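Visitor: I would like to learn how to read a model like this one, feature by feature. Where do we begin?

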Amino acid sequence: MSVWSMLTRFVKSVFSNKEDADIDLIPSYLPMIPESQKEYYKSAHLTSMWASGYVQGIHNKLMNSGTGNEIVVVGAEYISGKPLGVKVVNGDGNDQVNEELTKQLKEALRIDKFDKKNVKITELAGGGGAVAAKINIINGVPSISVHSVDQFWIDFKNGVPERFNFFEEIPNVNYDKYFLVETREIKSWSDKTGKTTQGGFSTYSVCKIVGDDVKPIQEEALPNKIAKHIRENEIQLNKSVSIGLSSLGAYLINNTPTNSRFTHLELGESDLSHSINFLFAVDYVFTIYMREGEKTKTKVAATERMFMKEKGKRGDKWSVNADEDYFMILKGSLDPGMTLKDTLQFIQGEFRDQSYRETMEYFAQKAVTKSGYNPNTFNLGNRDVKATEIYSLRDATMRKIDKKKQIIQNEYEALMWDFLYLLTDRKLDSNSRIIVEFPDPMSTNLSELSSTLNNMTSAQAMSVEEKVKMIHPKWDDKQVQEEVNRIYKENDIGEVPDPEAIGGAETRGG
């Protein structure tokens with residue numbers, strides 16, 4: 001007989017061949033996924049669960065600190081915490097803003113609650129590595145839906161999405177798993193004049209997963225409950241319907257430009273892909289921490305005469321109420337050799353609070369660092385910081401956020417152009433453009449900044465150049481140097497130090 005710890009069970013589940021794993025971390029939809037993408041989807045499914053804050057089979061045994069969820073949510077907040085800037089630009093080459101179309105697009109996005117969907121997109125992408133957005137026509141009006149990595153797969157051709165496949169499991173009474181699949185693909189047809197035209201089409205189908213096999217099910221062969229679900233949602237199976245766009249009407253939004261593990265795939269990498277072991281370590285230590293806290297709470301040691309006996313169906317129960325204000329000593333006297341203090345004592349073990357918290361913080365720091373963020377973004381790893389480091393404290397976080405923005409921006413602009421094209425009844429000028437702008441996630445608190453600069457100036461701990469960089473973090477070196485020159489001239493400080501010079505208290509080489 002062998003007894004496995006939770007840590008051993010997790011290691012077996014992640015690294016075994018899955019046949020002898022105690023915890024099932026394999027998604028039920030995996031047989032539908034192309035063979036070349038299956039390992040990616042296993043990993044994405046796992047990181048998505050850690051991002052959600054609950055991993056099946058693990059967090060029903062371990063307490064959850066929510067570290068994975070916090071990493072993803074805080075990272076997404078830097079991108080989607082403020083409303084997007086959106087404008088429509090005419091296609092006349094002058095980049096003139098079309099106020100009327102801009103207003104129409106903004107109002108439609110507001111009605112469609114795109115601000116909330118923007119948050120969902122950034123969080124799901126951070127958790128799973130990729131997310132898909134899709135334009136649907138509901139009651140004649142375009143609407144955007146968001147799908148996690150556990151709800152779609154893509155067939156690629158030459159590194160470009162050729163076909164999107166969105167799926168959802170249909171509730172069923174037995175163990176058979178049925179999935180409704182919507183396929184988006186480009187099809188060609190000829191009009192009455194013989195001209196060939198291309199456009200996006202949507203086709204629904206139902207498949208059943210049996211073991212590792214996927215079997216398409218015809219409408220007449222559907223079980224009653226599955227057929228009822230199809231009828232109630234007014235879905236036409238196996239019939240291609242035009243979506244009214246020349247594109248697929250579906251958009252892949254990756255979390256990263258490349259994937260360090262699955263380099264052959266055009267699918268992004270989760271923020272948590274290299275942090276799983278550290279996230280587990282945090283929750284593992286957190287559980288032990290809470291358990292020890294429970295075990296070291298105050299306990300009562302009492303003599304037998306202090307206990308009360310209560311009969312029950314499963315035998316007698318003995319208890320003592322330590323909260324009583326008075327205790328009566330039975331038989332009216334103490335036993336020979338006993339003192340009054342022997343009757344009731346309080347015992348409390350030592351709680352190693354500091355060591356546990358330091359261990360948890362260490363693993364949390366590692367998880368955040370492996371996610372690509374600066375631990376200081378999460379109030380972790382606090383330390384004495386040199387004045388010249390203040391400007392770059394959050395560089396790691398901002399570099400990661402800027403990369404995400406560039407990826408999202410391109411897809412959002414394509415998505416919103418198609419969205420507006422449908423809004424205008426397909427009359428939008430093909431040369432017009434949508435420009436999406438992300439607000440600065442770190443708006444400067446002027447009072448705090450002024451106080452910091454004053455302190456640094458009084459302590460003579462920061463150069464003029466570093467102060468300028470701190471106030472204008474987006475300026476390049478030339479702009480910074482020009483501003484430094486103006487400050488020296490206007491304040492009659494003297495000559496600007498030569499950064500290449502050697503010697504002298506105010507030179508970099510000095």
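**Reading the fold**

Guide: The secondary structure of the protein chain comes to twelve helices and 15 strands. Helices (H or I, at least four residues) and strands (E, at least two) are DSSP runs, numbered from the N terminus. This is a predicted model: local features need pLDDT of at least 70, side-chain atom pairs count only at pLDDT 80 or more, and totals for chains, interfaces and linings use all residues. Residues are numbered from 1 along each chain as its sequence is written, and side-chain values use heavy atoms, with hydrogens and water left out.

Visitor: What share of the 510 residues counts as buried?

Guide: Buried means under 20% relative accessible area, exposed over 50%, and partly exposed in between (1.4 Å probe, protein chains only). Of the 510 residues in the protein chain, 41% are buried.

Visitor: How many of the contacts with a separation of 6 or more join residues 24 or more positions apart?

Guide: Contact means heavy atoms within 4.5 Å. Among contacts with a separation of 6 or more, 60% are between residues 24 or more positions apart.

**Helices**

Visitor: How do I check the length of a helix? What span does α2 reach?

Guide: The expected span is 1.5 Å times one less than the number of residues. Helix α2 covers residues 38-52, which is 15 residues. From first C-alpha to last, α2 reaches 21 Å, close to the 21 Å expected. For α3, with 14 residues, the span should be 20 Å, and its end C-alpha atoms are 20 Å apart, which agrees.

Visitor: Why is α2 described as largely enclosed?

Guide: Twelve of its 15 residues are buried, so α2 is largely enclosed by the rest of the structure. Among the buried ones are Y40, Y41, H45, M49 and W50. Just after α2, G53 takes a positive phi of about 95°.

Visitor: And which residues of α3 are buried?

Guide: The buried residues of α3 are T67, G68, I71, V72, G75, A76, Y78, I79 and S80. They pack against α2, α5, α7 (276-295), α8 and α9.

**Helix pairs**

Visitor: How do I read a helix pair? At what angle do α3 and α5 pack?

Guide: Axes are lines fitted to C-alpha atoms, for helices over the stretch in contact, and angles run from 0 to 180 degrees between N-to-C directions. Helix α3 (residues 67-80) and helix α5 (residues 114-128) pack at about 135°, with axes 9 Å apart. Angles under 35 degrees count as roughly parallel, over 145 as roughly antiparallel, 65 to 115 as roughly perpendicular, and the rest as oblique. The two helices α3 and α5 are therefore oblique to each other. On the α3 side, V72, V73, A76, I79 and S80 make the contact. On the α5 side are N118, V119, T122, E123, G126 and G127.

Visitor: What handedness does the crossing of α3 and α5 have?

Guide: A crossing is left-handed if the near helix is turned anticlockwise from the far one by less than a right angle, and right-handed if clockwise. α3 passes α5 in a right-handed crossing. α2 passes α7 in a left-handed one. The axes of α2 and α7 come within 11 Å and cross at roughly 35°. There, L46, T47 and W50 of α2 meet I276, L279, F280 and D283 of α7.

**Single residues**

Visitor: Now take one residue. Where is S371 found?

Guide: S371 is in the loop between α8 (353-370) and α9 (395-423). S371 is buried, with a relative accessible area of 2%. Leaving aside neighbours within four places in sequence, S371 is in contact with I71, D271, L272, S275 and K400. S371 and V72 are 299 residues apart in sequence, yet 9.1 Å apart in space, C-alpha to C-alpha.

Visitor: Which side chain forms a polar contact of 3.0 Å with that of S371?

Guide: A polar contact is a pair of N or O atoms within 3.5 Å; within protein, one must be able to donate a hydrogen and the other to accept it, and residues adjacent in sequence count only if both atoms are side-chain atoms. The partner of S371 is S275. In strand β6 (residues 177-190) sits R184. The side chains of R184 and E182 are joined by a polar contact of 2.8 Å. R184 is buried, at 2% relative accessibility.

Visitor: Is Q406 buried or exposed?

Guide: Q406 lies in helix α9 and counts as exposed, at 53% relative accessibility.
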